[in-house]
Structures are given as C-alpha cells and as structure tokens.
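Let's take a walk through this structure together. Have a look at the sequence and the model first, and then we'll go through some of the helix pairs, the overall build and the surroundings of the ligand.

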Amino acid sequence: MSLLFEPFRIGSIEVKNRFIRSATTSYWSDKRGIIRSEIIDLYRKLARGGVGLIIKGHLYVMHSGKAHVGMAGISDDLHIPQLKKLTSEVHKNNGKIIAQLNHGGLYSVADRAGPSAYVVQGHKTRALSTEEIYDIVKAFSEAAERALVAGFDGVQIHGAHGYLISQFLSRLANRRTDEWGGNLKNRVHLLLEIYNAIRGKVGNHIPVMLKINCDDFSPNGFSIKDSVKVVETICRSGIQAIEVSGGGIARKDNLRARARSLDQELTEASFAGHATEIRKAAQSTPMALVNGIRSVRCMEAILGKNVADFISMSRPFIKEPDFVKRIETGQEASACTSCNICISKEIFGKMMLQCHLN
Ligand SMILES: Cc1cc2nc3c(=O)[nH]c(=O)nc-3n(C[C@H](O)[C@H](O)[C@H](O)COP(=O)(O)O)c2cc1C
C-alpha cells in the first residue's frame, strides 16, 4: 500500500493517513466571530472525504487580534457551542481536528499593533507595550484551553504568513530594542512564551503544532537560515509537529523560487528545497509540507524521499473536499488549478468559500 495511506502519530493522536487539510479560513463567520452552519457542513464533508487531519481556519485569540471580517474567534466562551458542533461532526465522521490559533498583529482590523510601528497596506500602526505582549501570551493559552473544551484534538500556533508571531520573527517588522527584538534569540521569545503558556494550560499530552515560514521571501528578512534555527529551538522545547509554509509581511513573489527543489519529482511543491533543510533541524519531530502540491506523484516523492511525513493542502480541498477518497480510488491529481478566484476581492467573504470553476 502507498505510504500515503499509512497512519502516523502526532504526539498522543494517531492520524489515519498522511493527508492534512491545511488551515483555510472560510471568511464566513458572523460579526461576533461565531461560525455559521455552512462552515460546519464543509467540515463534515472534509471528514467524510477521508482527510486524516483537518486544521481549522485560523481563530483569533483576542478580539483586538482579529485579522479580517469573517474570521472566526476563540477568544470568548460564546464561540464554544458552534465550534463544539463542528468538532463533533468531524469526530462522528472518523476525522481529527486541530484549532489554529492566531493574532493578526499589524494586520488586525480594530487595533493595528505589532512588534514595531510599520506601514502595512498604507495604514498607520503602533508598537505593543510589554504588558500588552503578556496579555496576548495569556490569550493564546486561554484560547488553547477553550479549544479543548470545544472538542479539538490539539492546537496549532500560527507562526507563518506575516501575522503577529511571524512579524516578531522578522527583523524588518520587528525593530524593538528590548528583550522581544534585535537578535533572533529575542525575536523568537514571543513564540516560546506562547508555546510554554499553552503547555502550562493544556499539559503535555495534547498535540501542540506550529506553522512556520521557511522563508519570508523579503530582501534581508526572515530567511531559511533563521527558520532552521527557530525550528531547532522549538523542537527542543517539545513542539509535536511542524508545518512548513512561506511568505511574510514584506514578501516579494519573485524571491519564492529560492525555496523550490531542483529535484524534478519535487518541483511542484513550492517549498520542497527549503523543507529538506528544515527536515534536518526538526529531526524526529513530525513535519508537514504545504503549498502547490497537487499530484500523487509529487506526494509520493515527498514521503519517499523523506522530505516530510505529511502532505498538507488547502485549495485542492476547496475544489474537492473528498480529494483523499478520490486518490484512494485512482485519481492522480487535484482538479484545482490554483487560479485563486476563490480568494479574489469580488468573491472572498461575500459568500461561503467555494470553487468557482466547477
Ligand atoms: C481561502 C484560503 C484561506 C486560507 N486561510 C488560512 C488560514 O486560516 N491559516 C493559514 O495558516 N493559512 C491559510 N491559508 C493558506 C493555506 O493554508 C496554504 O498554506 C496555502 O493555500 C498553500 O497551500 P495550497 O497550495 O495547497 O493551497 C489559506 C488559503 C486559502 C486559499
């Protein structure tokens, strides 16, 4: 049998196959950050469709860290009942589900505050005080506790894509001169505080994962060298899985090519080149790779060449929530063309997330 259908453990949970639905916000929660019933329907379909592990679209841990309209929250007990319905639908259909915890930082709608004042999309922003940073750390740990009450199997810290944690890791967005900024040891401080605070609340037996950039793709910004060091540090601290992604706050798309692998079988996976370096740093910590992966051939190569333990995908599951079952019955590649119409300005957030090329 293909390795793709072999189970694999992440801490205390056994994932039935090597497929992860990478966190994907539906942009469709109500004003209070409560998820709508269409979102629950989608997660039921994903679980029925055979994916081993689902990572819920990002959830804000405090209201001031809400990154966009339609983002779901886990900042208050009022968010729990609908999330509980969602996790129970996934479990009833033999799936596992992780809550992705996030804070928008400089991207937040109500309070554009991050490591330092930095112009983002033309908006004025401000630097967080130390007291506010500790409030955020506490909010992450309380959100993790709420995630367990809501029935999630674990949590993933969102440390990628230019949001708050990724902003602190970036020497461009983080110009602080105190213990939270400057050298990489200080820039990783927030991530470690958050990780330790979550562990303090939920204990050691619940999987705590991290999504991290292999590269911000910004000139003189967070690089593969920095990423390797952060992964070494967080794995030593006991994180139970790493998901490798890319793209930070000052990204330049023309720099993405440096993360690709020269290996023909792996080129489809946008960050496979950098992932091989992160793999060495992560050692035995389970690792997932996301971005661009579409064909079974590439998936098999990623596992066979020991680049990662899990194949993580987002857009293919928007097109075909049952993509894993389709692979099991012989489909060789995703029908997703990465056209990005689903996230175009005219559509995203105006209706429930869906593929428009059916
Ligand atoms: C509609 C949409 C929503 C997304 N929401 C999130 C999110 O909530 N958290 C996150 O870490 N990444 C999010 N992403 C990024 C994906 O998880 C993934 O990293 C990216 O789409 C690349 O993978 P793919 O090529 O398989 O789509 C989102 C992507 C899309 C298309």
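**Helices, overall build and ligand**

Start with helix 3 and helix 6, which cross in a right-handed way. Bear in mind as you look that this is a predicted model. Helix 3 covers residues 130–149 and helix 6 covers residues 189–202; their axes come within 8 Å and cross at roughly 40°. That angle makes helix 3 oblique to helix 6. So which residues make the contact between helix 3 and helix 6? On the helix 3 side you'll find Ile-133, Val-137, Lys-138, Phe-140, Ser-141, Ala-144, Glu-145 and Leu-148. Helix 6 answers with Leu-190, Glu-193, Ile-194, Ala-197, Ile-198, Gly-200, Lys-201 and Val-202. Sorted by class, this contact of helix 3 with helix 6 has ten nonpolar, two polar and four charged residues.

Now turn to helix 1 (residues 37–48) and helix 2 (residues 80–92). Here the axes are 8 Å apart and the packing angle is about 20°. Helix 1 and helix 2 are therefore roughly parallel to each other, since angles under 35 degrees count that way. Their crossing is right-handed. Helix 1 brings Ile-39, Ile-40, Tyr-43, Arg-44 and Ala-47 to the contact, while helix 2 brings Lys-85, Leu-86, Glu-89 and Val-90. In the contact of helix 1 with helix 2 there are six nonpolar and three charged residues, and no polar ones.

One more pair is worth a visit: helix 7 (residues 224–237) and helix 8 (residues 272–282). Their axes come within 8 Å and cross at roughly 30°. Helix 7 and helix 8 are therefore roughly parallel to each other, and helix 7 passes helix 8 in a right-handed crossing. From helix 7, the contact takes in Ile-224, Ser-227, Val-228, Val-231, Glu-232 and Cys-235. From helix 8 come His-274, Glu-277, Ile-278, Ala-281 and Ala-282. By class, the contact of helix 7 with helix 8 has seven nonpolar, two polar and two charged residues.

Let's step back and take in the whole protein. How many helices and strands are there in the protein? There are eleven helices and 13 strands. The radius of gyration of the protein is 19 Å, close to the 21 Å that the globule rule gives for 358 residues, so the protein is as compact as a globular protein of that length. If you follow the C-alpha trace along its principal axes, it spans about 55 × 45 × 45 Å.

Last stop: the ligand. It is surrounded by 22 residues, and the closest are Ser-22, Ala-23, His-58, Ser-314 and Arg-315. The elements that give two or more residues to the shell around the ligand are strand 3 (19–24), strand 4 (53–60) and helix 10 (315–319). Which element gives the largest share of the shell? That is strand 3, with three residues. By class, the residues of the shell around the ligand divide into eight nonpolar, twelve polar and two charged.

How values were computed:
Residues numbered from 1 in each chain as written. Predicted model: local features only at pLDDT ≥ 70, side-chain atom pairs only at ≥ 80, totals over all residues. Axes fitted to C-alpha atoms, helices over the stretch in contact; angles between N-to-C directions. Helix = DSSP H or I, 4+ residues; strand = E, 2+ residues; numbered from the N terminus. Parallel < 35°, antiparallel > 145°, perpendicular 65-115°, else oblique. Left-handed = near helix turned anticlockwise from the far one by under 90°. Contact = placed C-beta atoms within 7 Å. Nonpolar A, V, L, I, M, F, W, Y, C, P; charged D, E, K, R; others polar. Near = placed C-beta within 6 Å. Rg over C-alpha atoms; globule rule 2.2 N^0.38 Å.
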